[in-house]
Amino acid sequence: MKRNSFHSVALATVAVCAVFSHSAIAEELSIMASGGAWQDAQRKAWFEPFSKETGIKIVEQEYLGDLGKVKAMVDTGNVPIDLVTVETATVLQGCDAGILEPLDYSKIADQSKFIEGSALKCGVGLDAYGDILAYDPNVLKEAPTSVLDIFDTTKFPGKRAMRKFPAQNLEWALMADGVPADQVYEVLGTPEGVDRAFKKLDTIKSDIVWWDAGAQPAQLLASKEVVMTTAWNGRIQNAIDTDSKPFKIVWDGQILEYDMISIPKGAKNPDLAYKYLAYISKPENNAKLASHITYGPVRTDATEFVAADALPKLPNAPEHMKSYLVADTEFWGDYGEDLVKRFNAWLAQ
Amino acid sequence: MSRVQPANMDRGQFITAPEAADTRSVAAAIRRSQARERLRSFALAIPLLALLLLSFGIPIAILLSRAVYDPTIANALPLTSAAMQSWSSKEIPDDKTFEALAADLKASQQKGTLSELAKSLNARLPGARSQILKTARALDQEGATDAVSVIKSVPFWTTPGTWATIERGRHALTSFYLLSAVDLRWNADGTIERVPPEQAIFLRVFARTFLVAATVTLATLILGFPLAYLISSVPKTVGAILIVAVLLPFWTSILVRTAAWTVLLQKFGLVNDVLLWLGVTGTRLDLMYSRLGLVIAMTHIQLPFTLLPIYSVMRTIQPSQMRAAYSLGGRPLTSFLRVYLPQVVPGIMAGCLLTFILCLGYYITPALIGGAGDQLISNFIANYVNVELNWEMAAALSFILLVFTMGLYAVFARMLGLDRLKPV
């Protein structure tokens, strides 16, 4: 009996030592992303090859993309993650609130090689995605040719779905009202411009079904709840490719946005984090994600590395860049909170 | 409570004078021993009270204090704040204030607090964020030689409204967030006014939250009362089965139940299929993303909370009482109203109050089932906490909700005599 217990103690000690020594040898990098198909794609394109190349183990976590969780970590001084993926507007917010670390681009890559607006002070771009219009050709006999056709209820009657958020909708409303793309944010920065955008949205308000989560547009189309919907291009492409849905994407009038990755303030392994950022920012690596999800690279010199079959589905493929708008994150950093409130008040009217 | 009250002994009339002093010392002794006892029972409750205070009271107090205490601007602009002590007009301050501002902006850029300042001012004055960052960048380039004209070249700083906002913001104690939470604001003259209608939202959302909570409470009462009566009057085995039927969904996660309702209520879902098949409606109803769908789902989730307290009271009422009432000539309705109902009222009150207060905090069900016009106040609080990172505004909304709820509770207690709820 006594012998036995001695043995088990000895064994446990060895086991504990083994665990500790193991963790001391293998370096770990903790990355929090927003889950789903997008995180799966990152795993295949970046996490696994990076681990194989460097021997650094990547520990994955998931969250909903809400900065409140990161703020709570930083405020309490207990930051168990080294990198976090965020939307562009969120990078700006997190930067302002002192939650995200300003980046040292000398440790990552040449900042000028990124598409404009995709290499920010506190976040470096991962991919570019498009806010597009999707429809089911079996339901709509006549094909819409621009995202702005969502405002045409005589040519395309029926319910249409839009994201329950002022960003993109206000831009599209102004463009549909005749404002040229390069003046949209200038106009939207004035009270009259905001009134004008809401007035345009008023014309289709009773026909709008609002969506919150990125997976909803495909569901709304599939259940024939709506005849057309705005969406993130990857979600619709996913429904076409894996669920064999007959949906079509309208690229003209799309709004381009970027997904980003940041280092939270107080992260434990900044050196490893920079190593990862440098790895994924190499043009040949930046292009790899497109083979796993239809989001395009953010480096101007990465297009040549994109797999040939993936290129035509990307939002920043040359043939999709005929008429588009790049989302102005500075604008939304300034007016976002105010416009969200105004938008909610407008919804409730 | 059956213990002899020392106060009564004191007042005893049959005690003669010489004995009185004696009695008083006895009474005092009793009081002393009772005080000791009270102290002991209080000591027993101390761990619980401490836990409540540490895990509940203090965190809530700290979070709520953010609604009125926001030192960001005061901390970031100490020199400007000092220079503005004498500023009271609606004009642009003197050059000394601009110099102080330049020094403050540079210092806070070095300390890394500039963005926080920009964010805080932006919440009060939309668009201020980029103006402040722009000014700081310009100051960085030009050097300190002509800081005042650098700042003055940005139109933002030569607008009186900017300075009025800073003047109000430089005090750490602020009423800005609480006023915003009830759709009010300071205007340029220093008086409080209503915000313009296109920005007024929270009062409407508060009213909607209370309306939905009241509707759901009423619906659970209408459904729950007869059901509770049925369960308490059928044989024990049948009653047990019915109770399990009520409790089974109660043990399921609220998220699962909400998701189940989205499957049932959607346009091509089961409810619409059945209604169409029965010929109740000609077209498919929009039950999802509507107030009706929200109330249906919330009623289902809240039913056990209303039903169980009512049932627990009904179980204790002897059926013989109603028989006695009938035998004394009471008609069914009269007997019900005068004998049965008064005894059930405490259960109804407890159940309804529980459901009503729980409904005020609903978040996930309105988010998933409600439409754009059915979002309750918790959805807005969550948005300010998670998305906008404006915890001050979240705290202010929470504070107003707490005050409204407690006020309503007080009114209920007054009107309907909540002391009936106390154990007899």
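**Note on the two-chain model**

1. D183(B) has 19 C-beta neighbours inside 10 Å, so D183(B) counts as partly exposed. By the rule used here, a residue is buried if 20 or more other C-beta atoms lie within 10 Å of its own, exposed if 12 or fewer, and partly exposed in between, with C-beta atoms placed from the backbone. D183(B) sits in the loop between helix 10 (176–181) and strand 1 (184–186) of chain B. Helices (H or I, at least four residues) and strands (E, at least two) are DSSP runs, numbered from the N terminus. The phi of D183(B) is positive, about 60°, although D183(B) is not a glycine. Most residues other than glycine have a negative phi.

2. The model is predicted: local features need pLDDT of at least 70 and side-chain atom pairs count only at pLDDT 80 or more, while totals for chains, interfaces and linings use all residues. Residues are numbered from 1 along each chain as its sequence is written, and chains are lettered from A and ligands numbered from 1 in the order in which they are written.

3. L389(B) lies in the loop between helix 19 and helix 20 (391–416) of chain B. With 23 other C-beta atoms within 10 Å, L389(B) is buried.

4. Chain A has 12 helices and nine strands. The C-alpha trace of chain A spans about 85 × 45 × 40 Å along its principal axes. Of the 349 residues in chain A, 48% are buried. Two residues are in contact if their C-beta atoms, placed from the backbone, lie within 7 Å. Counting contacts in chain A between residues at least 6 apart in sequence, 73% join residues at least 24 apart.

5. The largest nonpolar core has 149 residues, and those with the most contacts inside it are A134(A) and L397(B). Such a core is a set of buried Ala, Val, Leu, Ile, Met, Phe, Trp, Tyr and Cys residues joined through C-beta atoms within 7 Å. In soluble globular proteins, nonpolar side chains tend to be buried together. Leaving aside residues up to four places away in sequence, A134(A) touches several residues, including P217(A), L221(A), I236(A) and F247(A).

6. Helix 9 (residues 233–241) of chain A is mostly covered, with seven of its nine residues buried. Among them are R235(A), I236(A) and N238(A). The cover over the buried residues of helix 9 of chain A includes helix 2 (36–54), strand 4 (124–135) and helix 8 (216–222) of chain A.

7. Where do the two chains meet? In the interface, 28 residues of chain B are in contact with 27 residues of chain A. Helix 6 (114–124), helix 7 (128–142) and helix 19 (377–387) of chain B are the elements that give two or more residues to the side of chain B that touches chain A. Helix 6 of chain B supplies the largest share of that side, six residues. By class, that side has 11 nonpolar, 10 polar and seven charged residues. Here Ala, Val, Leu, Ile, Met, Phe, Trp, Tyr, Cys and Pro count as nonpolar, Asp, Glu, Lys and Arg as charged, and the others, Gly among them, as polar.

8. In helix 3 (residues 67–76) of chain A, the buried residues include L67(A), V70(A) and M73(A). The buried residues of this helix pack against strand 3 (83–87) and helix 4 (88–96) of chain A together with helix 19 of chain B. Just after helix 3 of chain A, G77(A) takes a positive phi of about 75°.

9. The axes of helix 4 of chain A and helix 12 of chain A come within 9 Å and cross at roughly 60°. Axes are lines fitted to C-alpha atoms, for helices over the stretch in contact, and angles run from 0 to 180 degrees between N-to-C directions. Helix 4 of chain A and helix 12 of chain A are therefore oblique to each other; angles under 35 degrees count as roughly parallel, over 145 as roughly antiparallel, 65 to 115 as roughly perpendicular and the rest as oblique. The residues of this contact divide into three nonpolar, five polar and no charged.

10. N344(A) lies in helix 12 (residues 329–348) of chain A. N344(A) counts as buried because it has 23 C-beta neighbours inside 10 Å. The C-alpha atoms of N344(A) and E319(A), 25 residues apart along the chain, are separated by 36 Å.
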